[in-house]
Amino acid sequence: MRVLGIESSCDETGVAIYDSDAGLLGHVLYSQIKLHAEYGGVVPELASRDHIRKTIPLINKLFDQTGLELTDIDGIAYTAGPGLVGALLVGASIGRSLAWTLARPAIPVHHMEGHLLAPMLEADPPSFPFIALLVSGGHSMLIQVDAVGQYRLLGDSVDDAVGEAFDKTAKMLGLPYPGGPELARLAEQGRADIYKFPRPMTDRPGLDFSFSGLKTYALNTWNASDKGAQARADIAHAFQEAVVDTLAIKCRRALQQTGLHRLVVSGGVSANTRLRQRLDKLAADQQAKVYYPRLEFCTDNGAMIAYAGCLRLQAGQYASATIEARPRWQLQDLDAL
Ligand code: KG4
Ligand code: ZN
């Protein structure tokens, strides 16, 4: 089965074709970074308008690159949520209409299920069950994954998501949007042991996360510093260490608590080099194995949506001919395959 996937939940337009026999046939991505940079963050209305401009040309490019025709597609998957409603509606409208025109089934895909399954596109995919750490701009979650669609939420963010905390702290330090990768780059020039930031919610049992206090801690440290270039890098370093350490402590807890030995890490923040180093070490200590998507599939992309949609369509799931956008949608509410 060959599935066209469309991602448009935030500031990236991604399209891809996944074939259940041959694997990923092609993918194309367009990032709106330049569009939002001057505002220091994503402007939802501008995002929607840009998805409208870009989605169909990107689909054309994808078909040119793969040498396929629209009629070679057996089904269409589109991100239905969670995300920005206007942005979601663009991919949903185009995906659903295309499916209707071609008389093919369409499946609304949960964006975080896409992230969660992204490591399955790699050469050595994890087998079930496993623990998934999902860390993106909108979510920080620890999930026990027993099978596709069987998700047990072990820990969730009580305030800011990890990526959001990276972005807000970066902005406060005067770094351009998107702040996460910029802050990570700056942290490399920071010195260890100059500042020691707290590890939120690690002194009590449980797997929930809270990162907004860390952002305030960074702000107060910045205001008390000489606001020079070295102080900025030292704060970036201390912030990143605190985030990475906190995530690693919770991952170790989740592995120990469940007795599982496989850890999947995905979502935008899984591109972070320091986080990968720390979790690789944790996995070695715990006799566990950690799985990541390739770097370009850590952040939003169409490939993960085509893949997740393909699994569901193959299992006989599809939606009625309505355009679905679900800005708030719980991962635990998904049907099992
Ligand atoms: O998964 P994603 O592309 O979009 C959402 O679903 O939210 O994640 C984007 C988030 C942003 O907050 C971005 O700053 C963060 O991932 N991010 C990073 C890195 N690369 C992306 N954060 C820290 N270090 C990175 N290298
Ligand atoms: Zn995402």
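Q: Which residues line the second largest pocket?
A: This is a predicted model: local features need pLDDT of at least 70, side-chain atom pairs need 80 or more, and totals for chains, interfaces and linings use all residues. Residues are numbered from 1 along each chain as its sequence is written, chains are lettered from A and ligands numbered from 1 in written order, and side-chain values use heavy atoms, without hydrogens and water. A pocket is an open set of points on a 1 Å grid over the protein atoms alone where a 1.4 Å probe fits, with protein on both sides within 12 Å along at least five of seven lines; lining residues have an atom within 4 Å of a point. The lining is Ile107, Pro108, Arg312, Gln317, Tyr318, Ala319, Glu324, Arg326, Trp329, Asp333, Leu334 and Asp335.

Q: Which protein atoms are the donors of the zinc ion (ligand 2)?
A: Donors are N, O and S atoms within 2.8 Å of the metal (3.2 Å for Na, K and Ca); water is not among the atoms, so sites may look incomplete. Here the protein donors lie 2.0 to 2.1 Å from the zinc ion. They are His111 (NE2), His115 (NE2) and Asp300 (OD).

Q: Why does Asp300 count as buried?
A: Buried means under 20% relative accessible area, exposed over 50%, partly exposed in between (1.4 Å probe, protein chains only). Asp300 counts as buried because its relative accessibility is 12%.

Q: How many aromatic pairs does the structure hold?
A: Rings of Phe, Tyr and Trp (its six-membered ring) pair if their centres lie within 6.5 Å; planes under 30 degrees apart count as stacked, over 60 as edge-to-face, the rest as tilted. The structure holds five.

Q: What is the angle between the planes of Phe166 and Phe239?
A: The two rings form an edge-to-face pair, 5.3 Å centre to centre. Their planes stand at 90 degrees.
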